Amino acid sequence: MELLGHLALGFDVALTWQNLLLCLIGVLLGTLVGVLPGIGPATTIAILLPVTFELPAVGALIMLAGIYYGAQYGGSTTAILVNMPGESSGIITALDGHQMAKQGRAGVALSIAAIGSLFAGTVSTFFIAGSASTLSELGLMFGPAENVALMVLAIVAVIVMGKGSVLNGLVMVLIGLSLGLIGTDVETSKARFTFGIQELRDGIDFIPLAMGLFGVSEILRTLETPGDGSVLNNKISGLWPKWADLKASALPILRGTGVGTVLGILPGSGTLLASFTAHMLEKKISRTPERFGKGAIEGLASPESANNAAAQTSFVPMLTLGMPSGAVTALMIGAMTIHGISPGPQVVTQRPDLFWGLVCSMWIGNAMLLIINLPLIAVWVSILRIPYRRLVPAIILFCCIGAYSVNNSTFDVLVLFAAGLFGYALSRLDCDPTPLLLSFIIGPMLEENFRRAMLVAHGNPMTFVEKPISLTLLLATAALLVVAVLPAVRKRREEVFVE
Amino acid sequence: MPLNRDVLTASLATAFALTLLAFGSHLPMGTAVRMGPGFIPRAVAIGLLSVAVLILIKALLARPARADDAAPDAPIHWRGAASISFGVLTFALLIQPIGLLASATATVFFSSLAQQGEGWAERIVLAGSLAAIAGAVFAYGLGLPLPILPNFL
C-alpha cells in the first residue's frame, strides 16, 4: 500500500503542532480577507503572501493552502450573505445561496456549503494522493520540447476558460511575457529592458505585481459601485441544518464532488467550470427545476462541493508537472520559487515531505474550516458590517507593507503602485489580468525551454511536432483554440458569464 | 472610429510591441540553433502587433451590431485612483526615512480620502490606530525587519 505510506508521511508532516497552527492561522486569515466583499481567493493570496516569508518552505505552503481554503470559504460566505461574490465561481454559489439567505436560511446555506466542501475536500485529497505519483512519472519523461508544449497548452487553456474575449486574453499573455523578459538574460547575462534601472536587473518581483493587479485594482473597481456604509444589515439565524436539509443535499454533494474532481484537473478551467456544470446538472436531473435560482438547497450544495473539489484537484498539474492552471496556482508556484523549490515532477521524489505534507494539510484545512468557521460565523458577519471606507485604507496599507517587505525595497512599492493603476486600466478595458500573471510567471521558463529545445534539435523547429507527447499537447491546444472561436461555444461561454 | 475599448486595447498592445522593438533592437537574434536574447522579444512584439490588428478588424466588422449593446460603464473613480495612488507613493517615499509608524499613518490617511462620508477626526483616528496595529503585527508579531521610527531618532 504505497498510497497509505505516502499519506502517513504527509500526516506526519502536517500534524506537527507548528504546521497545524500555521494551517489554522492560514484558514483564519484567509477567511478574514476572503470575506471582504469583492475580494477573491487570488487577491487574498496575493495580499497575504508576505506573511509566509519568514517560514520554512513546508510551513509556508501549508499556510498558503490554508489561506486558499479559507479565502474560498470566506468568498462563499460573502456570496451567500450579501450576493457579492469575490470570484467567478461565487456567482453560481450566490444564485441559490443568496436566495436561501433572503428566505432566512443563511445559516443553513453556510453550514451546507461547509459540509459539502469538507466532503469534496476529503474525496479529492485521496484522488490527488492516488494520481500524483503516476502523473509525476509522466512528467519526468518531459524534455524541453514537451515542456514548451505543456506551457503553451496551460496558457491557451487559461485564455479559453477565462472570461472576456480570446483576443484580449492573447494581449494579456503577450504583455505578461514582455514583463517577464525584463531582467538579465539567463544564458548570455545580457540585461534586457532594464532601462538603466538597477532594481530591474533581477526582473520585476511577482508579489508586488500580483498585489497590484489583483488587490489594488480590485479595490479601485469596487469603489466605482456606489453604496456607502456596511453591506450587511439583516440578521443571521438558524445555523444548523435540519435532517431534511442534510438528506436533500447528500446526493448533490456527491455528484458535485465527482464533477469538480474531474473538471478541476483540466488546465485553466479553475473552479467556475466545475460550479457551473454542477449547477446545470442538478437543475437538469431535478424533478422540480423551477425551484433553482430561488433558493434550492441542491443548487447550493452541489456547486459548492464541485467548487472545492476542483480547487483541490487544480493543484494536481501544479504539483506534479509544475504547471499553473490559474491565478491561484500561479501564485503558489511563485511562492515555491521564493522558498527555493523549483516546481515540477521532481518535487514528488525529491521533497516527499513537502509534497505529501501539503496534500494532507489541504484536507486538514478543510476540516478546520468546518470546525472553526461555523462557530465563528458571527465574527465573519461582523466584518461584513464594517463600513467599506474603513477597510479600503487597511487593505492598501497591508499591500504596501507586504510589497515593501519582499526585498525591503522601496522600488517594489513603486511596482505595486504601477501595477495597481495598470490593473485598474485593464479591468476598464475588460481584460482579465489572470493570463498576464500566469504568462509572467512561466514566461522565463518557457523561453529557457524553447531555446534549449531548439539547441537540442539543432535548430529544427519541427522538433515540437515530431515528439509524440509534445505533438499531442499541441494538438489539444489547437483543438481548444478552435473550439473557443466556434460560434456555438462562444455563445455558450457568454451565457455562462452573463449568468 | 470612436475611442472605444477595442481601440484602447489594440493601442496598449502596440505600445508594448514598440517598446520591445525599440529598446530591444541592440539584442542579438542569434541563430536557430543558438538563439540570442533578442529572438523572443521580437517574436512577442510581432505577436502583439498581429493581435492588435485582429482586434481592430474585429471591432470594425462588429461595430454596427454592437452600437446599442455596449453597456454604459460606471465612470472612472478618479478620486479613488488619485488618493490611493498618493497613499501608496507616500509609503514608498517615507518608509525608509521616517519609519513604519509615521508612513503608515500618512498612507492610511491619504487612502481613506478615496471615499466620502467620514470626518477628519475619524480619518485621523483610523490612520493612527491602523498604523499602530500594523507596527505591532508586522514588526513585532511577524518579526519583519521594518524600520519603525524615524532613523534620526
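Hi everyone, let me start with one residue: at 31% relative accessibility, Arg390(A) counts as partly exposed, a class that runs between buried, under 20% relative accessible area, and exposed, over 50%, using a 1.4 Å probe and protein chains only. Keep Arg390(A) in mind while I cover the ground rules.

This is a predicted model, where local features need pLDDT of at least 70 and side-chain atom pairs count only at pLDDT 80 or more, while totals for chains, interfaces and linings use all residues. Residues are numbered from 1 along each chain as its sequence is written, chains are lettered from A and ligands numbered from 1 in the order in which they are written, and side-chain values use heavy atoms, with hydrogens and water left out.

By salt bridge I mean a side-chain nitrogen of Lys or Arg within 4 Å of a carboxyl oxygen of Asp or Glu. The pair runs from helix α4 of chain B, residues 120-141, to helix α18 of chain A. Helices here are DSSP runs of H or I with at least four residues, strands are runs of E with at least two, and both are numbered from the N terminus. Glu122(B) is partly exposed too, at 28%.

How many salt bridges link chain A and chain B? The count is two. The other partners I want to show you are Arg5(B) and Asp430(A), with their closest N and O atoms 2.8 Å apart. Arg5(B) sits in helix α1 of chain B, residues 5-23, and Asp430(A) in the loop between α19 and α20 of chain A, so this pair also joins two chains. Arg5(B) is partly exposed at 28%, and so is Asp430(A) at 42%.

Let's step back to the whole interface. Chain A and chain B bury about 5,700 Å² between them, 76% of it on carbon and sulfur atoms; that area is the accessible area (1.4 Å probe) that two parts lose on being put together, summed over both. The contact, meaning heavy atoms within 4.5 Å, takes 61 residues from chain A and 66 from chain B. There are also eight residue pairs in polar contact across the interface, both residues at pLDDT 80 or more. That term means N or O atoms within 3.5 Å; within protein, one must be able to donate a hydrogen and the other to accept it, and residues adjacent in sequence count only if both atoms are side-chain atoms.

Which elements of chain A give two or more residues to this side? They are α8 (166-181), β2 (191-192), α9 (206-224), α18 (388-407), α19 (410-428) and α20 (434-456). Helix α18(A) gives the most, with 13 residues.

Chain A itself has 23 helices and two strands. Buried residues make up 62% of its 499 residues.

Finally, a look inside chain A. Glu224(A) forms a salt bridge with Arg221(A), at 3.4 Å between the closest N and O atoms. The two are three residues apart in helix α9, so about one helical turn separates them. Glu224(A) is buried at 10%, whereas Arg221(A) is partly exposed at 24%. And there is a salt-bridge network linking Asp185(A), Arg192(A), Glu447(A) and Arg451(A).
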